[in-house]
Amino acid sequence: MRLLFLLVGLFAVCSVLGGCPAWSGQSIGSQESSEAPPVSGSGLLPQGVVIGDVTSQGALLWLRTDEAAVVRVEWAPLSVWKQVSTSATVVASISRTALLKTGAETDYTLTIPLVGLTPSTRYRYHVVVGPEESLRSQLPGKAAATGEFVTLPDVTSSETVSFAWSGDLGSGGRCRRGVDGYPIFDVVHRYHPDFFLFLGDTIYGDHVCPSPPNEPGADFKATTLDAYRLRHRYQRGADALRRFLVETPVYVVWDDHEVRNNFAGPYDEQMPAGRQALREYWPIASPREDPHRLYRTVRYGADLELFILDVRQYRSRNVDPDGASKTMLGAAQLAWLLDGLQASTATWKVIATPVPLSIPKGGDSSAPGNDGWAGGQDGTGFERERQVIVDTILSRKIKNVVFLSGDVHWVQANAYDPNQDGAVDFHEYIAGPLSAPPGRFVPTQMVLHPTELFYETGYHNFGLARATKYDFHVSVVDETGKERVSHRIAAQ
């Protein structure tokens, strides 16, 4: 009873103040685990919950209800929740949102900022869904979903980071099958990555998934906003994916199949609908002044800065001849990348580009022209802009640059020596697909003078990266959990 009165008083104060700040007494670096496993969701949240774009001081929480509903989110360091449950004398500080409403205008989805967080701290969150009258109560509500995540270290902390990346989920050749749907996510979860980088093709909206053998619900090509929404919901029907997302923070960017094959954003009438559905179904941080922006950085302590590129929204037509006016990134994003690389104090500068650097990706009759950075005999491609990036790395002597990519549905690693001085200037690692037909190998373009470190195809996979101030280690793991290839770079 004493605890009951304590909590009533606490939340009354929080209500008057508009929400309590996050408690700051938790020791930095706490990695406590919960006493009970997180709950991914209930019938109130059929697509589960997702934590994304975590920083040292904040995070985004995504959810969806099946109809209009009132939602409240409560969060605090894990130690605070434990104190609340075990002690009647502790004054706990639990932050919570105002009452939020889901509506049809965003397909009943919400992306909710969790702010005022402390670096390197494990947080637990509760999502409460119910009638507005009951949610106005000052007592903590019964959670429809719970989960935990750890905030990133600040830029002065040198901490090892391990993360996974891949892309290409659920094409017409390998859509969701069975209850688990995409069991590879259970394999990724066994490695307990600090985060997952989803490098595009999160849906294949332009592919038909016939049933059988796939689960019903995606036997159409998406061309409208409602159809793209359905395809995103179809992916979240996979239990393995929902289990993974409730415990693993994600950073997501698109490639082409969120709209249609090889699209160029400014010239594709379906792009706004595909982009809106992507934004509704994934937690992606964008500045208020540029709400459609998808490119961004992730700073993980002193040793990793991740530059996530948007290679679709601003690109020229693939069919246009390469030259000074052709761009994949657009002028603003290119300047942001070059400035960021030169200013970065991180040991490792990692550039996430959904399309690879040196693999020619020819188009077809519906979207002619090379779709990746590499050019072809027809004079298309984006080599001129690629060279601008390479020249900046070389002229500014930027060390420890790594490119991560996907899209081609095979595994490959390249060490590049573009100035042919005998020293490797940067590396590229390609992973995927998560669940799609394996790609057919295309010879690597030699303009940047790559040395092929490994190449394999024929299996579903994801990449694992481990970065320290001393080295950067990459391995590729298949859907059975077997490590297929690995490579290590020493920091310069």
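This is a predicted model: local features need pLDDT of at least 70, side-chain atom pairs count only at pLDDT 80 or more; totals for chains, interfaces and linings use all residues.
View 1. Strand S13, which spans residues 304-308, is mostly covered, with 5 of its 5 residues buried.

**View 2. The hairpin formed by S12 and S13.** Strand S12 (residues 296-300) runs antiparallel to S13, and the two are joined by 5 bridges; among the residues involved, Tyr300 has Leu304 as its bridge partner in S13. The hairpin has 3 residues between its strands, and Gly301, which lies in the turn, has a positive phi of about 65°.

**View 3. S13, helix H8 and strand S14 as a β-α-β unit.** Strand S14 (residues 348-352) pairs with S13 in the parallel sense over 5 bridges, and the bridge partner of Ile308 in S14 is Ala352. Together with helix H8 (residues 331-343), these strands make a right-handed β-α-β unit.

**View 4. The disulfide between Cys175 and Cys209.** The sulfur atoms of Cys175 and Cys209 lie 2.0 Å apart, and the torsion about their S-S bond is about -75°, so the disulfide is left-handed. The pair links distant parts of the chain, 34 residues apart, with Cys175 in the loop between strand S9 and helix H4 and Cys209 in the loop between strand S10 and helix H5. Cys175 is buried, with a relative accessible area of 0%, and Cys209 also counts as buried, at 1% relative accessibility.

Key. Residues are numbered from 1 along each chain as its sequence is written. Side-chain values use heavy atoms; hydrogens and water are left out. Buried means under 20% relative accessible area, exposed over 50%, partly exposed in between (1.4 Å probe, protein chains only). Helices (H or I, at least four residues) and strands (E, at least two) are DSSP runs, numbered from the N terminus. Two strands pair if DSSP finds at least two bridges between them. A crossover is right-handed if, with the strands pointing away from the viewer, the path from the first strand over the helix to the second runs clockwise. A disulfide is a pair of cysteine sulfur atoms within 2.5 Å.
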